Amino acid sequence: MTETPDTKTAKPGGFGRYALALLPLIVFGGIAATAAKMLYDQDFHGKNIAEIPSALIGTKAPSLSLPPLEGANLPALTDAAVSGKLTLVNVFASWCIPCRDEHPILKELAKDGRLNIVAINYKDKNENALRFLGELGNPYQAIGIDPNGKAAIDWGVYGIPESYLVGTDGTILYKRVGPFDEISLKEGLYPAMERALGKPAP
């Protein structure tokens with residue numbers, strides 16, 4: 001049988017064309033499956049997807065040399081304020097609604113004598129930060145201001161509030177993105193503190 005132009009063009013299989021057409025659906029399906037697994041883990045296994053892994057965990061914390069919050073009557077946030085202490089470095093701002101929601105938890109944590117809590121006040125106005133602390137109380141042992149966000153960049157901040165647990169040797173042990181809640185305390189911060197101290201909470 002002699003091949004005609006029509007049979008020549010029809011001969012190459014159509015499977016490749018179908019595969020190309022299906023490719024976007026396959027990619028979308030993969031993304032959807034990944035998102036569904038994250039939600040399933042969060043809803044049914046209690047995993048908190050806000051606890052984003054950080055490349056800084058296990059490394060030395062960035063050096064701290066931030067000016068004090070004027071009027072707060074607290075030390076500036078420097079390396080000396082965290083040296084040799086198990087420290088929670090909390091990044092907050094008065095304009096941050098989740099920071100306000102988290103603040104009562106930080107006040108409770110401040111009662112734990114094992115933990116030194118300090119703050120980076122992020123892109124805030126001095127008077128607004130003072131008003132925030134005046135209304136909600138002050139859980140911090142030192143506060144440093146970061147008006148341009150440079151320190152936040154050094155610490156790899158995604159958004160605020162954000163907190164870092166720093167060991168007595170200056171190593172970052174744990175990171176929390178977003179406000180603390182009961183689950184993140186129970187499954188994240190407290191176990192990290194216990195590992196750092198080598199003993200369970202009293």
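These questions and answers go through the core, an aromatic pair and a strand of a predicted model.

Student: Are the rings of Phe92 and Tyr140 stacked or edge-to-face?

Tutor: A pair of aromatic rings is described by the distance of the centres and the angle of the planes. For Phe92 and Tyr140 the centres are 5.3 Å apart and the planes are at 25°. Planes under 30 degrees apart count as stacked, so this pair is stacked.

Student: How many residues apart are Phe92 and Tyr140 in the chain?

Tutor: Phe92 is in strand S3, residues 87–92. Tyr140 is in the loop between helix H5 (126–136) and strand S5 (142–146).

Student: Are Phe92 and Tyr140 buried or exposed?

Tutor: Buried means under 20% relative accessible area. Phe92 has 1% relative accessibility, and Tyr140 has a relative accessible area of 2%. Because both values fall under the cut-off, Phe92 counts as buried and Tyr140 is also buried.

Student: Which residue joins Phe92 and Tyr140 in a cluster of ring pairs?

Tutor: The structure holds four aromatic pairs. Ring pairs link Phe92 and Tyr140 into a cluster with Phe132.

Student: How many residues of strand S6 are buried?

Tutor: In a regular strand the side chains alternate between the two faces of the sheet. In S6, Glu162, Tyr164 and Val166 lie on one side and Ser163 and Leu165 on the other, and both faces are covered. The strand is largely enclosed by the rest of the structure because the number of its residues that are buried is five of the five.

Student: Which residue of S7 stands opposite Val166?

Tutor: S6 pairs with S3 in the antiparallel sense over five bridges, with Ser163 as the bridge partner of Asn90. Five bridges also join S6 to S7, and these strands run antiparallel. In S7, the residue opposite Val166 is Ile172.

Note on methods: Residues numbered from 1 in each chain as written. Predicted model: local features only at pLDDT ≥ 70, side-chain atom pairs only at ≥ 80, totals over all residues. Heavy atoms only, no water. Phe/Tyr/Trp six-rings, centres within 6.5 Å; stacked < 30°, edge-to-face > 60°. Helix = DSSP H or I, 4+ residues; strand = E, 2+ residues; numbered from the N terminus. Buried < 20%, exposed > 50% of the residue type's maximum accessible area, 1.4 Å probe, protein only. Pairing = 2+ DSSP bridges.
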